[in-house]
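Good morning, and thank you for coming. I would like to take you through one protein chain, from its overall fold to a few individual residues.

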Amino acid sequence: MDDSVKSIVDVSKYLFERKLVSGKAGNVSSRFKNNEIDIVAITPTMTSLKNVKEKDIVLVDLDGNVLTKGKPSSEIDLHLSIYKEKKDVNGIVHTHSPFATGFAFSNKNIKRLEGFGPIKKSYLDYVDYEAPGSKKLAEKAVKALSEDVLILKKHGVLVTGSNIEEACFLAEFIEDIAKTQFISHMLNLSDSF
Ligand SMILES: [Zn+2]
């Protein structure tokens, strides 16, 4: 458990420093086993990932029962629905990183580029807008997630991994490929170079 909690704090600070999250946006969780029971450790609501400390991390079971003090992230249902459905996922990162979220607010899809695992589908999965924190978003997201990344339309990005560090690095990579796609699109608009 201590490892999970420490990893969440480390990843939270990394995401903030790398400007993948800002203000009090974004949330991070990790799944671990305690006596064969799945426990999810998640960042608290209304706390900047910049300042989150080990004592602030909230533990919940897969049904959402809070096992420690504190209030979990408002996206707790989104995280839990994925852990319930995807047994190989043990870490989830949700950001509003600017380039990927820019695509989420457009009608363009993000191409899956080389550099992070095999490319099976050409474009990242997405789910149409539902209110942040809603059960509807959680239900629809888990159905739409066929690989490891899901664009939440008009909202942000959700990234899963076999552990929290993998999810973090993939979130960083996704922001970069969105940036690359944006830059190449802008350059191709002009033939004056
Ligand atoms: Zn969000």
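How many helices and how many strands are there in the chain? This is a predicted model, and the chain contains 5 helices and 7 strands. Read from the N terminus on, the elements follow the order α-β-β-β-α-β-α-β-α-β-β-α.

Let us turn to overall dimensions. The C-alpha trace spans about 60 × 30 × 30 Å along its principal axes. For 193 residues, a compact globule would have a radius of gyration near 16 Å, and the chain agrees with this, because its own value is 16 Å. Of the 193 residues, 39% are buried. Among contacts with a separation of 6 or more, 61% are between residues 24 or more positions apart.

The buried residues of α5 are I164, A167, C168, L170, A171, I174, E175, I177 and A178. In general, an α-helix has 3.6 residues a turn, so residues three or four places apart point the same way. As for its length, α5 has 26 residues and reaches 38 Å from its first C-alpha to its last, close to the 38 Å expected at 1.5 Å a residue.

Which residues does I151 touch, if we leave out those up to four places away in sequence? They are A100, F103, A104, I110, L124, D125, Y126 and V157.

The buried residues are I76, D77, L78, H79, L80, S81, I82 and Y83. Against which elements do the buried residues of α2 pack? Their partners are strands β1, β2, β3, β4 (91–95) and β7 (156–161), together with helix α4 (135–144).

We now move to the loops. Most residues other than glycine have a negative phi. With that in mind, consider E36, in the loop between β1 (27–34) and β2 (37–42). Phi of E36 is positive, near 70 degrees, and E36 is not a glycine. Is E36 buried or exposed? It is exposed, because 5 other C-beta atoms lie within 10 Å, and a residue with 12 or fewer counts as exposed.

M46 also has a positive phi, of about 55 degrees, although it is not a glycine. M46 lies in the loop between β2 and β3 (58–61). With 8 other C-beta atoms within 10 Å, M46 is exposed.

S22 is in the loop between α1 (2–17) and β1, and it counts as partly exposed because it has 16 C-beta neighbours inside 10 Å. The C-alpha atoms of S22 and K108 are separated by 24 Å, and these residues are 86 apart along the chain. G115 belongs to the loop between α3 (98–104) and β5 (125–127). G115 is exposed, with 10 other C-beta atoms within 10 Å. From G115 to V89, 26 residues apart along the chain, the C-alpha separation is 20 Å.

Thank you for your attention.

Methods: Residues numbered from 1 in each chain as written. Predicted model: local features only at pLDDT ≥ 70, side-chain atom pairs only at ≥ 80, totals over all residues. Helix = DSSP H or I, 4+ residues; strand = E, 2+ residues; numbered from the N terminus. Rg over C-alpha atoms; globule rule 2.2 N^0.38 Å. Buried ≥ 20, exposed ≤ 12 C-beta atoms within 10 Å, placed from the backbone. Contact = placed C-beta atoms within 7 Å. Expected span 1.5 Å × (residues − 1).
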